[in-house]
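Good morning, and thank you for making time for this item.

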Amino acid sequence: MMDGSSSPLMELRNVAKRFGDRSHDGLKNINISLMHGETLAIAGSSGSGKTTLARLVMRLTRPDEGSIHLLGQDITHMGGGALRRMRPRFQMVFQDPLAAFNPRANVKRILEDPLRIHGFASKSEYGDILAQTLERVGLGTQYLQRLPLELSGGQRQRVAIARAILTKPQLIVLDEPVSALDVSVRAQILNLLLDLQAETRVSYLFISHDLAVVRAFANRMIVMEEGRIAEEGYTEEVLANPQANATQVLIDAVPRLVI
Ligand SMILES: Nc1ncnc2c1ncn2[C@@H]1O[C@H](COP(=O)(O)OP(=O)(O)OP(=O)(O)O)[C@@H](O)[C@H]1O
Ligand SMILES: [Mg+2]
């Protein structure tokens, strides 16, 4: 196998996904490459296909056409044990972690489950790994016994990030990771994600409809419209000189003082 550093970490070629026969739904002709250590933002209005794209990359669903390569392997139709073995290397953080957590599992169990499922460490190491990971996301071990509902939105998202980084992934898909958070907490979480990337060279596929956040976070961006890529390029260039109507619509939605 090739060393991953010069070839893309992830590559989507001509990917299409249909939901029923409604022509505006799903995805069409999606081509994306993501390099190691890079952040690519996926912007686009509601219903443009961003979460569908995230679910395809995570192989929570299969494409109808095209191929998905991750770390030099074709995962388009991968299943069973082969896909499970790949799982630790790509993780996802959702907009609403409450929906992604078992409400009855405390933080300890939320974080131990992936270690156990992927056989990532021996049981005697769990305590140390959990303490280190919680500290890394700015939480102490006193949170281990808390249930998701007993955490603030920002703390919950920190736990979601802790869970995502436990298995040392090369790719994290972030689907609107800060849009449910208070503006002051937003910056803290984004800074945490930037620090983690500087340390580990993890790549981010960063979904957001908020261009102020995209500008601060991603050097390259894609704008989706009705399941297609309407525009792509370096974030600064796309925002300074938008070519697609879909991009202009997003720009117009940002308060002028912010952008
Ligand atoms: N499982 C599904 N079955 C049928 N249609 C679906 C399914 N998932 C998504 N869709 C449709 O595909 C389109 C894209 O949905 P998607 O969730 O990807 O949008 P989005 O860009 O993430 O929107 P938002 O910004 O609101 O989260 C929508 O029209 C949606 O109704
Ligand atoms: Mg979505």
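E226 is partly exposed, with a relative accessible area of 41%. In this predicted model, E226 sits in the loop that joins β9 (220–225) to β10 (228–234). Its backbone deserves attention: E226 is a residue other than glycine, and yet its phi is positive, near 45°. As background, most residues other than glycine have a negative phi.

R59 belongs to the loop between α1 (50–57) and β4 (65–70). Is R59 buried or exposed? R59 is buried, because its relative accessible area is 7%, which falls under the 20% limit for that class.

Let me turn to the ligand. Twelve residues surround ligand 1, and the closest are D25, S46, G47, K50 and T52. By class, this shell comprises eight polar residues, three charged residues and one nonpolar residue. For S46, an N or O atom of the side chain is 2.5 Å from an oxygen atom of ligand 1. The corresponding distance is 2.8 Å for the side chain of K50 and 2.9 Å for that of T51. On its own, ligand 1 has 630 Å² of accessible area, of which the protein covers 60%.

I come now to the interior. In soluble globular proteins, nonpolar side chains tend to be buried together. Here, the largest nonpolar core has 37 residues. Those with the most contacts inside this core are L111, V159, I161, I172, L174 and Y204. Several elements each supply at least two residues, among them the helices α4 (107–117), α5 (126–136) and α7 (183–200) and the strands β7 (171–175) and β8 (203–207). Which helix gives the most to this core? That is α6, with six residues.

Leaving aside residues up to four places away in sequence, L174 touches V93, L193, Y204, L205, F206, I207 and F217. There is also a second, separate core of 30 residues, which includes L71, F90, M92 and L205.

Thank you for your attention.

Terms used:
Residues numbered from 1 in each chain as written. Chains lettered and ligands numbered in written order. Predicted model: local features only at pLDDT ≥ 70, side-chain atom pairs only at ≥ 80, totals over all residues. Heavy atoms only, no water. Near = heavy atom within 4 Å. Polar contact = N/O pair within 3.5 Å; in protein donor to acceptor, adjacent residues only side chain to side chain. Areas by Shrake-Rupley, 256 points an atom, 1.4 Å probe, with all protein chains shown as cover. Nonpolar A, V, L, I, M, F, W, Y, C, P; charged D, E, K, R; others polar. Core = buried A, V, L, I, M, F, W, Y, C linked by side-chain atoms within 4.5 Å. Buried < 20%, exposed > 50% of the residue type's maximum accessible area, 1.4 Å probe, protein only. Helix = DSSP H or I, 4+ residues; strand = E, 2+ residues; numbered from the N terminus. Contact = heavy atoms within 4.5 Å.
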